[in-house]
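Open the model in your viewer and keep the selection panel at hand. The stops below say what to select and what is there.

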Amino acid sequence: MASKIGAQSLHAAVRMATILPSPPKIGMVSLGCPKNLVDSERILTKLRSDGYQMSPDYAGADVVLVNTCGFLDSAKEESLEAIGEAIAENGRVIVTGCMGKEAAMIRAKFPNVLAVTGAHQYEEVVGAVHEAAPMPPSAFLNLVPESGLKLTPRHYSYLKISEGCNHRCAFCIIPQLRGDLVSRRPDAILREAEKLVAAGTRELLVISQDTSAYGVDIRHQPREWHGRKVRAHMTDLARELGSLGAWVRLHYVYPYPHVDQVVPLMAEGLITPYLDIPFQHASPSVLRAMKRPANDAKVLERIKGWRDICPDIAIRSTFVVGFPGETEDDFAYLMDWLAEARLDRVGAFRFEPVEGAPANDLPNPVPEAIKEERYARLMALTAQISAEKLAAKVGRTLDVIIDAVDADSGGATGRSQADAPEIDGEVHLRDAGHLTQGDIVPVVIEDADEHDLFGVPA
């Protein structure tokens, strides 16, 4: 009996055995100085952490990396010989290292190379390997999901395109904490976005300290992406992100002139008709004290122009009340500006000193009681504007992304294209228990209040 049970267990184990897919193998030819060797080690370490295996010879490699040296003519000749040998022995070659600066010459001599990257461009090398020899999806091989670890729901993801900021606003210390603007390469951003969408993301929320300034620090240098050049520029990036099939929502957009080029993309339906612009104030004197641009009249004209091009555009912004030196006239100016601008979503903050911020040393601080009174007046005005704008949507059919479903009550909560998660309003649905999180569905709007919409799936 015992032997029979043992045989049954063995057969069950055989039936349950999992055959793991074989990860791609990478070969490496590393030339030149110890610094090049360290670069090779870093590249291989990253690839190994991604699940790739290493091949000791050409025959067993799915892709061969040649890390070149270009310090002397003799070193260049050795590198070219190594590239030629790798192509002859394997055929699938990625060139990196110092000779990456001479990409045109390398491609002319070896037109079959898969990619050419420069020294220290680890992300570009790894990305080229991912494209040339993708890892098979496997829970056993990929300990970290391809889209990365997320703290947001599966259906929306934040996409950081840069770090730091070149502005020196008097109330802000972000440049002290994070430094000046450092933009990511467009191909790296697009690769990340593509993986997120493939993993189930339906909405990409583009974030940075200054989205409009993206690429300024790297002179908008173009990069190869799926066979075409894409500039490190907000308009180019928005257009490419819009082609991935997800909602694309732009946050922290300063109203630089080229923002006008993004609005037509919204009118075309390529990206979400939504702009998050941190105006902070409207009074020219307060904006000067804040060390921010002060051309409020032109901004009002541009907002009107944006709405002419894309009537459904939603504009959200934040404002600071009670900034040092803000007079009642300054605040009245802001209120008049808001009444004319009629922004869709508005947040406000009472000024608070931040350690290290230049604004702390400005004269004429505003008393706390006056800050509170101005804050209340501003929020009342913007709530009234919001209620009027939402009431105008009653009877329309809007696309809504579903954030949560209550199967017991049959209700669901979602957001229209005018609403970013956590900070804007919601759309509350009835008769929606059949929906699932992440669905994008047409909804007939039946009612509205100051901040939210109410409706039923169409």
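Select E326 and R374: they form a salt bridge (a side-chain nitrogen of Lys or Arg within 4 Å of a carboxyl oxygen of Asp or Glu), with the closest N and O atoms 2.8 Å apart. E326 lies in the loop between β14 and α12 (328–341) and R374 in helix α13 (residues 368–391), so the pair ties together parts that are 48 residues apart in sequence. Both E326 and R374 are buried; buried means under 20% relative accessible area, exposed over 50%, and partly exposed in between (1.4 Å probe, protein chains only). Helices (H or I, at least four residues) and strands (E, at least two) are DSSP runs, numbered from the N terminus.

This is a predicted model: local features need pLDDT of at least 70, side-chain atom pairs count only at pLDDT 80 or more, and totals for chains, interfaces and linings use all residues. Residues are numbered from 1 along each chain as its sequence is written, and side-chain values use heavy atoms, with hydrogens and water left out.

Next, select R316 and D424, whose side chains meet in a salt bridge at 2.7 Å, N to O. This pair ties together parts that are 108 residues apart in sequence, because R316 lies in strand β14 and D424 in the loop between β17 (411–416) and β18 (427–429). R316 is buried at 8% relative accessibility, and D424 is buried at 14%.

Stay on strand β14 (residues 314–321) and pick T318. T318 is buried, with a relative accessible area of 16%. Which residues does T318 touch, not counting those up to four places away in sequence? They are I277, P278, F279, Q280, G347 and F349, where contact means heavy atoms within 4.5 Å.

Move to helix α11 (residues 296–309), where K304 and D308 lie 4 residues apart, about one turn of the helix. K304 and D308 form a salt bridge, with the closest N and O atoms 3.5 Å apart. Both residues of this pair are exposed.

For a group selection, take E124, R185, D187, R191 and R223, which are linked in a network of salt bridges. The total count of salt bridges is 31.

Last, select V113, in the loop between α4 (103–109) and β5 (115–116). V113 is buried, with a relative accessible area of 5%. Leaving aside neighbours within four places in sequence, V113 is in contact with I83, I87, V93, V95 and R107. The C-alpha atoms of V113 and A86, 27 residues apart along the chain, are separated by 9.9 Å.
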